[in-house]
Amino acid sequence: MTVTVFLGPSLPREEAAGLLQADYRAPVRQGDVYRLVQESRPAAIAIIDGYFQEVPSVWHKEILWAMDQGIPVFGAASMGALRAAELEPFGMVGVGRIYEGFRDGVFAPFEDEAFEDDDEVAVVHGPPELGYPALSDAMVDLRASFAAAAQQGVIDAGLRDRLVAVYKERFFRERSFASLPAVMAELGLERGESSALLDWLETGRVDQKREDARALLQHLSGGAADRHETEPAFVFERTTLWAQFVEQSEGAAPVLSAAERRVIEELRLDPQLYDSLRMTALLRLRLYAEDSLPVADAAARRKALDRLRRRHGLLSREALDRWAAACDLDRAGLNRLLDFEVALDHSRDAAGQDLDAAILDVLRSEDRYRTLAERARDKEERLQQTFETEAAPSALSSESLLDWYFEDCLGRRAPDDVTGFARDLGFDGLKDLLAVLAREKVYRALLADKQAPLAQATDGRGSGAA
């Protein structure tokens, strides 16, 4: 039997193999540990890298199950450090400074800041064909490097803490040593102080994830797996949830509730809608399988929830609870949906202007483009004929335009954050939304009465048919 190591961007595979001869596998995800034990029963399992929420992360219970089967499990550096800190009371073994930080809740010398977020170790990485190269730098590596620079007198403790605070506020994909010159310029540092740190980093930067990954492999190469006590310090409970997990991990389709199956039956009675939603679902599943989606932390989930509530007019907690109940969503199901919304938000932001072109192709594919194109041409011609091509929002009060749009056209109350609503629709801001609404209201008035005087058509007190 051999040791199996789940490894990705924390350490190059060639370097790892020089430290420990093992069965090296891709970063771990949910179900991998269970399937591994079923297939080969390794002498030990070492978790270094793993996926975070873009696909379900390795489950604590499958690690406990592996230990219950007499297989020691070790962790370090990244996902392994997180799980080892969480499962240390049950016998999982952690190695390295990052593991100790998660276990103790503090990463020295930053004693005043809780060390607990999974984004501390999250990075963007390249494809497996290239060896999962890291394309960003982990927050914990930035912390360790700035701490070392301060300890060696290159910078003072105040600057160390300011740099850490700035990087912690950034999305994990945007954290890198390469951005440090711009960060220091934003902080208004003197050229000499900036140059000293940049020069020191060329040889002094700390790759803590790499060091911890090496430490774990060296620990295992010394026979740690053979010396490890294999008798579990807990009783493994085979719950209904565990049975469902086993079924899914062994290849069975996800189990739908009776209510969910009836919804699918109703949907299939509308072939056109079913086909459209099936294609959308396939694209969502493909996105869900991507290797480099963002970590859905609490802040990202809150943002996604705000967008969801604006989109469906769920302006109160009671309305949200009723909506979730009607959609057969419990708290776990809602969190799963929000994680997916986070992934969609990221993909939308990354797509930029390409997204509009893709939307137009979808409209053409579903034969909806022609109707919208004909309406857009008719609107342009009518507004040109009445000299309203550039109708300004000032011609109609913002309040009356928004009341008309939300109450008359959409049949709902305006959200508290109208600017956020506008940006959700792809507008740069509220001003652009108001300009489009002004043109639309004039156009509807012209359709209702082609002979209406222009002043009447643009009167903010006029009503348009929704």
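How many salt bridges does the structure hold? There are 27 of them, a salt bridge being a side-chain nitrogen of Lys or Arg within 4 Å of a carboxyl oxygen of Asp or Glu. Keep in mind that this is a predicted model, where local features need pLDDT of at least 70 and side-chain atom pairs count only at pLDDT 80 or more, while totals for chains, interfaces and linings use all residues. Residues are numbered from 1 along each chain as its sequence is written, and side-chain values use heavy atoms, with hydrogens and water left out.

Let's start with Arg143. One of its partners is Glu113, with the closest N and O atoms 2.5 Å apart. That pair links distant parts of the chain, 30 residues apart: Arg143 sits in helix H6 (residues 139–151) and Glu113 in the loop between helix H5 (97–104) and H6. Helices here are DSSP runs (H or I, at least four residues), numbered from the N terminus. Arg143 also meets Glu120 in a salt bridge, at 2.9 Å from N to O. Because Glu120 lies in the loop between H5 and H6, this pair ties together parts that are 23 residues apart in sequence. Arg143 is buried at 1% relative accessibility, and Glu120 is buried at 1% too, whereas Glu113 is partly exposed at 28%. Buried means under 20% relative accessible area and exposed over 50%, with partly exposed in between (1.4 Å probe, protein chains only).

Next, helix H10 (residues 208–221). Leaving aside residues up to four places away in sequence, Gln208 touches Arg97, Ile98, Phe107, Asp141 and Ala144, a contact meaning heavy atoms within 4.5 Å. Just after H10, Gly223 takes a positive phi of about 90°.

On to H19, where Ala373, Lys379 and Leu383 are buried. They cover an arc of only 125° around the axis, which puts them on the same side of H19; the arc is that of the directions from the helix axis to the C-beta atoms. Arg370, Thr371 and Gln385 are exposed on the other side. The cover over the buried residues includes helix H22 (430–448).

Finally, confidence: the chain's mean pLDDT (the predictor's confidence in each residue, from 0 to 100) is 83, and 87% of its residues reach 70 or more. Over residues 388–394, though, the pLDDT is below 50. Where pLDDT is low, the predicted coordinates should not be read in detail.

Methods
Helices (H or I, at least four residues) and strands (E, at least two) are DSSP runs, numbered from the N terminus.
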